[in-house]
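This text walks through one protein structure, from the whole chain down to single residues. Keep the structure in view while reading.

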Amino acid sequence: MRSSKVITVVGCHAAGEIGDVIVGGVLPPAGATQYERMRTMERDHDHVRRLLICEPRGSVARHVNLLTPPLRPDCDAGAIIMEPTEYPPMSGSNTMCVATVLLEMGIVPMREPETILTLDMPGGPVRVRAECRDGRCLSVELTNVPSFVDRLDVGLEVRGRGTITVDVAYGGMFYAIADARGLGFAIRPDEARDLAVLGEAIRLAAREQIDCVHPEFPDLRGVSIVQFAGPFMGAGQVSRNTCIVSPGRSDRSPTGTGTSARMAMLHARGLMQIGDTLVHESIIGSRFTGRIV
């Protein structure tokens, strides 16, 4: 069979969320920083994302990550994250997938029982600690980019729902965080369709009504994801959530950047302190443990 292009992709997921990794066939885009590379990829090479994420090869449930050489001397490798509708500067589940593929494929040497590496991500350098045994990654812990609250208790007019209140926080992308129980949800799998429909309506309203801008990346603005947060039971306790990924589905993982954004919000409200942990549970029951450092 003659092919005009061959792209090599390794399948991977983190806590149920697909984050496949391109390991060959695509050259790194131009740019002096990883953030600039991300924008070049978005502007000039988006056909790669569409080829792999759109049907028949992909679906709205798939993310794809492009490995690149690092541009920073303190980093071991770089990556660009491609999602169904955007290029986020950071993603927790995708970073876990990238680290796993780098180590299990031998692209970065694995050291057992623990490998520490730093990834050059568009949102900034991310330190990774991987627990490794018998050539496999058993778990991945990452130190995320700085997370912060943009504003609390924002009134939002949502079509078909009226006025609701959300918090806006950044954990690698901007989140509108809504009270799930106040909106009538227990965050169960049988609510997934209704959560997705309302989540997309909230996201569109937030993008129209809230102009949030990252202080270091002025072209990074607007809410990307809506998080429905269950009751906070206290530091160290399990709290359920689901994040609605555009164009409208629940993240199958607890969402790494969403966990960071929520911890930033809880810290701003005085409900979490440095050193406290949050056990975030997804709509399918998978868990991430977050800690404020």
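The model shown here is predicted. Its protein chain has five helices and 16 strands. A compact globule of 293 residues would have a radius of gyration near 19 Å, and the protein chain, with 18 Å, agrees with that. Along the principal axes, the C-alpha atoms fill a box of roughly 55 × 40 × 40 Å.

Of the 293 residues, 54% count as buried. Among contacts with a separation of 6 or more, 59% are between residues 24 or more positions apart. The accessible surface of the protein chain is about 13,100 Å², and carbon and sulfur atoms account for 50% of that area.

One local feature to look for is the hairpin of strands E7 and E8. Strand E7 covers residues 124-133 and strand E8 covers residues 136-143; the two pair in the antiparallel sense over seven bridges. Within this pairing, Cys 132 stands opposite Cys 137 in E8. Two residues lie between the strands, and in this hairpin Asp 134 takes a positive phi near 55 degrees.

Helix H1 spans residues 34-44, and its buried residues are Gln 34, Tyr 35, Arg 37, Met 38, Arg 39, Thr 40 and Met 41. What do the buried residues of H1 pack against? Their partners are helix H2 (46-53) and the strands E4 (62-68), E5 (77-82) and E6 (114-121).

Two residues in loops complete the tour. Cys 212 sits in the loop between helix H4 (192-209) and strand E12 (225-229). Is Cys 212 buried or exposed? Its relative accessible area is 0%, so Cys 212 is buried. Leaving aside residues up to four places away in sequence, Cys 212 touches Asp 150, Arg 151, Val 168, Phe 174, Leu 220, Arg 221, Gly 222 and Val 223. Ala 196 is 16 residues from Cys 212 along the chain, and their C-alpha atoms are separated by 22 Å.

Thr 255 lies in the loop between strand E14 (249-250) and helix H5 (256-268). Thr 255 counts as buried because its relative accessibility is 4%, and the cut-off for buried is under 20%. Not counting residues up to four places away in sequence, Thr 255 touches Tyr 175, Cys 243 and Phe 288.

Note on methods: Residues numbered from 1 in each chain as written. Predicted model: local features only at pLDDT ≥ 70, side-chain atom pairs only at ≥ 80, totals over all residues. Heavy atoms only, no water. Helix = DSSP H or I, 4+ residues; strand = E, 2+ residues; numbered from the N terminus. Rg over C-alpha atoms; globule rule 2.2 N^0.38 Å. Buried < 20%, exposed > 50% of the residue type's maximum accessible area, 1.4 Å probe, protein only. Contact = heavy atoms within 4.5 Å. Areas by Shrake-Rupley, 256 points an atom, 1.4 Å probe, with all protein chains shown as cover. Pairing = 2+ DSSP bridges.
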